[in-house]
Amino acid sequence: MRNRLFAAALAAVTALIALPAGTAGAMPRTPARHTNSPAVTAGTPLSADLVSGSVATLYWPGTTTGFQCTVSHLSSTVAADPSAPGVLSGPVNVLTFSGCTSNVVGVTGVNSLTMDYLPYTLAFYNAPGNPVALYPNSAGIIQTTIVFKTLAGTATCVLRANSLNGNHTGNPSRIDLVQQPFTKYSGPSICSSGLELTAAYGPIVYGVATALVN
């Protein structure tokens, strides 16, 4: 396979899938390690939930104050798996957060935390550090809207980012986003001027089987 991916079988057979890890642009990708593996078929689903026992956080920079979510789901579809130096990529149609709470003084509950302007593009690159990235669609913005309850009523904060960058690691495979910055776009003064997203997704499910990365 030109993208270091092995198809994994259900229960009886586990095959090694090396997802090219990535960021965006024209970042080069190293040659496939397993050249006899089949390429990933366009249209194959790819999904992941939060790593077991972890939470997704949106904190004020340099603090542990902000929002925490116990559930998050990412779902994509492989659009392209070209030979090197191509990039395995596809649209993210689902990126959800639930089970959210807050430790911000004055916030009494979280109604919702949503990602706007989907789909985004998920890209894996086989490059030093195994980078991976989420990029906006034609709207040009990654945006999150947080609706929460305060002592004074309901508040809505809208924050934006140009992209979300992280790393892809293996065995079992996962995506790590660490302190990815969002900047306040609108909302009352209780909304922070910026928040940082940290979340770990894995194991990655390719088709109907779990992806294991070398």
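I count two strands as paired if DSSP finds at least two bridges between them. Strands here are DSSP runs of E, at least two residues long, and they are numbered from the N terminus, as are helices (H or I, at least four residues).

**Entry 1: ground rules.** I am working on a predicted model, where local features need pLDDT of at least 70 and side-chain atom pairs count only at pLDDT 80 or more, while totals for chains, interfaces and linings use all residues. I number residues from 1 along each chain as its sequence is written, and my side-chain values use heavy atoms, with hydrogens and water left out.

**Entry 2: β2 and β3.** I looked up the pairing of β2 (residues 56–59) with β3 and found four bridges in the antiparallel sense. Thr57 sits opposite Gln68 of β3. The two strands make a hairpin with six residues between them, and I noted Gly62 in the turn for its positive phi of about 75°.

**Entry 3: other partners of β3.** Next I checked β1 (residues 45–49), which runs antiparallel to β3 (residues 66–77) and is joined to it by five bridges. Pro45 has Thr77 in β3 as its bridge partner. I then followed β3 to β4 (residues 88–102), an antiparallel pairing over nine bridges. In that pairing, His73 stands opposite Thr96 of β4.

Entry 4: I take a disulfide to be a pair of cysteine sulfur atoms within 2.5 Å, and the structure holds two of them. One joins Cys69 to Cys100, at 2.0 Å from S to S. Cys69 belongs to β3 and Cys100 to β4, so this bond ties together parts that are 31 residues apart in sequence. Which hand does the disulfide of Cys69 and Cys100 have? The S-S torsion is about 105°, so it is right-handed. For burial I use a 1.4 Å probe on protein chains only (buried is under 20% relative accessible area, exposed over 50%, partly exposed in between). Cys69 is buried at 2%, and Cys100 is buried too, at 13%.

Entry 5: Cys157 lies in β9 (residues 153–161) and Cys191 in the loop between β11 (174–186) and β12 (194–201), so the bond ties together parts 34 residues apart in sequence. The torsion here is about -90°, so this disulfide is left-handed. Cys157 counts as buried at 4%, and Cys191 does at 6%.

**Entry 6: pattern.** Counting bonded cysteines along the protein chain, I get 1-2, 3-4.
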